[in-house]
Amino acid sequence: MSQNESKRRLGAGAIGNFGEIYDFAVFGFSVPILSQHFFPKSDPTAAILSTFAVYAVAFFARPIGGLVFGYLADRIGRVKVLAITIWLMAAGTAIIGLLPTYASVGVLAPTLLVLCRLAQGFALGGETTGSTSYILESAPDDRRGWWVGIVWFFAHIPNALVALMLAGLQFVAGEELYGDWLWRLPFILGGLIGVIGFWLRRSLDDPEEYKAAVRDRKDSNSFRSMARTGGYKPILYVLMVQPVQTVGSYLLLGFMYAFLVKEAHLHPTDALMTNAVAILVLSAIIPLSGRLSDRIGRKKVFTLGALWILVAAYPAVMLASTGVLANAFMGQLLLAIGIGIYNGAAFPAAAEFFPTSYRATGHAIAYQLAVAIFGGTTPLIATWLVSSTGSALAPGLYVTAIAFIGLILVQFVPETKGIRLRTAAASEEETPLLVPSTSR
C-alpha cells in the first residue's frame with residue numbers, strides 16, 4: 001500500500017469517527033441545558049437524572065445497531081456500512097437541534113429526544129465496529145495499535161473541541177442567549193459534519209485482508225461461522241477488557257462536566273475548559289500507547305493503565321470536587337493519563353480477538369454490549385451515587401473498584417500483538433493462538 005493510500009484510509013476512517021463522536025459529545029456536554037428545556041423545571045435534580053437517562057438510552061441502542069451493521073459489514077463490506085452509519089448519525093443529531101421544548105409540547109419533547117438518541121446509538125454501534133475493523137485490517141501488522149490509536153485520537157478530539165466550542169459560544173453570546181436558543185447550533189452543525197464525512201468516504205475500497213477472507217470463507221453467515229469456531233471466547237475476552245475502558249472514559253467524557261458544575265460549583269466555562277484540556281491529553285496518549293503496545297504487547301499496557309486508574313481515580317475525584325480551578329484540572333488530568341494508556345491497547349485488542357470472517361459481527365456484539373452496560377450507565381450511576389450517599393467522592397470509589405477487577409481480569413486474556421488476523425483467537429484448533437507473522 002502506498003503512503004498516499006495509507007493516509008487516505010486513515011483520514012477517511014478518522015473523519016467518520018470524528019463526526020460520530022462529535023454528535024455524542026454535543027449531547028453529553030449539553031446535559032445541563034437540555035434538562036432545562038426537555039423536562040419540568042420544578043425539580044432540577046430529577047431533570048438532570050432524566051437527561052442522563054436519555055443519554056444512556058443511546059448506549060442500549062448501540063448493541064442492536066452494532067449487531068445489524070456488524071453483520072452487514074461482514075456480509076457486504078466495511079465501506080458500504082460506514083456510509084450508512086454516518087448519514088444516520090448526522091440526521092439524528094441535526095434533528096435534536098430543531099426539536100420543540102417541554103414548555104411548547106409537553107411530554108412529546110422528551111419522547112422525540114429519546115427517539116433521536118436511539119438513532120444516534122444505533123448508528124454509533126455500527127460506526128465504531130466498522131471503522132475499527134476497517135483500519136485494523138488496512139494497517140501493517142506491526143503498527144495496528146498505532147493506526148487504530150490514530151483513528152481513536154480523532155474520535156476523542158471532538159469531546160475537547162465541543163467543550164471549547166460551547167465555552168466560546170457562551171462567552172461570546174452570553175449564557176442567557178446560549179440558554180435560550182443558541183444551544184441548538186452545535187447540534188445542527190453535527191449534520192453538516194456528517195455530509196463532509198460521507199464525501200471523504202465515498203471512494204474508499206475494502207481492505208485486502210477483508211477481501212481475502214471473503215474469498216476463503218466457507219460460510220457467508222457470520223453468526224454460523226462464529227458458533228462453529230467457538231466465537232464465545234473472544235466475546236468473553238472483550239467483556240473482560242472493556243469495563244475499565246468504558247467506565248473510566250465515560251466518567252471523564254460524559255459525567256465530569258456536569259459534576260464540576262453541579263457538585264463542585266465551578267463556573268460552566270471553567271468546567272468546560274478544564275475538561276477540554278484533559279480530553280486533549282487523553283486523545284494524544286491513545287496513539288502513543290497503541291504504538292507502545294505494538295512493541296511490548298497489549299497485556300503489559302493493559303496492566304499499566306489499569307494500575308494507574310486504580311491508584312489515581314479516588315484522588316482525582318477528590319481534587320475535582322473541591323471547586324478550585326487548578327484542582328479540577330489536575331484531577332481530570334490524572335484520570336486522562338490512565339485512561340489514555342489503557343485505551344491505546346484496548347481498542348486494537350478488542351477487534352484482534354476475532355478472526356476477519358466475523359470480526360465486525362463478533363466485535364459489535366461484545367464491544368457494544370460492554371459499552372451499554374458499563375459506559376452508558378456510568379454518568380447515571382455516578383450521579384445516583386452522589387445523590388444517595390451524599391458524598392461527592394463516591395464516583396471515585398466506583399471507578400477504583402472497576403479498575404481493581406479489570407486489573408485481575410486482563411491477566412487472563414490472550415496477547416494479540418502480532419496475531420494473525422485471519423484466524424485470531426477464535427480458531428485455536430486451526431492456528432496457534434499467538435502467531436508473530438507478518439502475513440494476515
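1. Exposure classes come first. A residue is buried under 20% relative accessible area, exposed over 50%, and partly exposed in between. The model discussed here is predicted.

2. Ile373 is a case for that scale. Its relative accessibility is 42%, so Ile373 counts as partly exposed. The residue sits in helix α16, which spans residues 359-375. Pro186 is 187 residues away from Ile373 in sequence. In space, the two C-alpha atoms are 28 Å apart.

3. Thr129 falls in another class. With a relative accessible area of 1%, Thr129 is buried. It belongs to helix α6 (residues 108-138). Leaving aside residues up to four places away in sequence, Thr129 touches Ala360, His363, Ala364 and Gln368.

4. Now the core. The largest nonpolar core holds 120 residues. Which of them touch the most other members? They are Phe29, Leu260 and Tyr342. Helix α12 (residues 232-262) supplies the largest share of this core, 16 residues.

5. Phe29 deserves a look of its own. Its contacts, not counting residues up to four places away in sequence, include Asn159, Val162, Ala163 and Leu166. Leu253 and Tyr257 are also among them.

6. On to charged pairs. The whole structure contains 11 salt bridges. One of them joins Asp74 and Arg78, with the closest N and O atoms 2.6 Å apart. Asp74 and Arg78 are both buried.

7. Asp294 and Arg291 form another salt bridge, at 3.6 Å from N to O. Both residues lie in helix α13 (residues 268-296). They are three residues apart, about one turn of the helix. Asp294 and Arg291 are buried.

8. Arg298 pairs with Glu352. The closest N and O atoms in this salt bridge are 2.7 Å apart. The pair links distant parts of the chain, 54 residues apart. Arg298 is in helix α14 (residues 298-320), and Glu352 is in helix α15 (residues 325-352). Are these two partners buried or exposed? Arg298 has 2% relative accessibility, so it counts as buried. Glu352 is buried too, because its relative accessible area is 0%.

9. Last, the network. Which residues do salt bridges with shared partners join into one network? They are Asp141, Arg144, Arg291, Asp294, Arg298 and Glu352.

Conventions. Residues numbered from 1 in each chain as written. Predicted model: local features only at pLDDT ≥ 70, side-chain atom pairs only at ≥ 80, totals over all residues. Heavy atoms only, no water. Core = buried A, V, L, I, M, F, W, Y, C linked by side-chain atoms within 4.5 Å. Buried < 20%, exposed > 50% of the residue type's maximum accessible area, 1.4 Å probe, protein only. Helix = DSSP H or I, 4+ residues; strand = E, 2+ residues; numbered from the N terminus. Contact = heavy atoms within 4.5 Å. Salt bridge = Lys/Arg side-chain N within 4 Å of Asp/Glu carboxyl O.
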